[in-house]
Amino acid sequence: MLLQLVYVSSARPDAGTVDPAAILNSSRRNNTRDGITGLLYSDHKRFLQALEGPEDRVEEAFARISGDARHRAVVVLSRRFIDAREFGDWAMAHQSSPADRDAFVARVGRMVAKASPNVRATFESFAKVRRAA
Ligand SMILES: Cc1cc2nc3c(=O)[nH]c(=O)nc-3n(C[C@H](O)[C@H](O)[C@H](O)COP(=O)(O)O)c2cc1C
């Protein structure tokens, strides 16, 4: 059994522009070590992240992440046990809202195709809201 945790947060406005590359570097290093995979969506204002892996490891990573000063208002949207990974095998896949928004929405849709209906709807509506913005 694996724990899947999905949360949303807001980038700290006073933290300057958060560099997703810096977050991803440490995420991929740690997550590879810890058997954690998932998806991080960011648009410079908000983060939406799914973490999947062994329960203890995911809880430890999430404790570090929630205390990170680069974001605030961390709200857990979903916490459930899964039999198999639903977000693929990326140590931490990353999507940011790009120029080609239609392609972006389609890509997010494909990445979450195996997720539960609730989690899928969350990611899809997040991508679409940014597309309309
Ligand atoms: C939005 C966001 C997502 C993050 N995702 C991860 C993650 O998936 N895994 C991880 O280890 N750290 C993640 N971090 C970084 C952690 O908060 C923390 O800085 C890092 O785990 C510390 O590891 P280090 O001591 O090896 O640098 C994230 C931070 C932010 C702001």
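Which elements each supply at least two residues of the lining of the largest pocket? They are H1, E3 and H2. Helices (H or I, at least four residues) and strands (E, at least two) are DSSP runs, numbered from the N terminus.

This is a predicted model, in which local features need pLDDT of at least 70 and side-chain atom pairs count only at pLDDT 80 or more, while totals for chains, interfaces and linings use all residues. Residues are numbered from 1 along each chain as its sequence is written, and side-chain values use heavy atoms, with hydrogens and water left out.

A pocket is an open set of points on a 1 Å grid over the protein atoms alone, where a 1.4 Å probe fits, with protein on both sides within 12 Å along at least five of seven lines; lining residues have an atom within 4 Å of a point. The ligand sits in the largest pocket, meaning that more than half of its atoms lie within 2 Å of the grid points. To the lining of this pocket, H1 gives the most, five residues.

The shell around the ligand holds 16 residues, each with a heavy atom within 4 Å of the ligand. Ser 27, Arg 29, Asn 31, Arg 64 and Asp 68 are the closest. Helix H1 (20-34) provides six residues, the largest share of the shell.

| Residue | Distance to a ligand oxygen atom |
|---|---|
| Gln 49 | 3.1 Å |
| Arg 64 | 2.7 Å |
| Arg 70 | 3.3 Å |

Methods. Polar contact = N/O pair within 3.5 Å; in protein donor to acceptor, adjacent residues only side chain to side chain.
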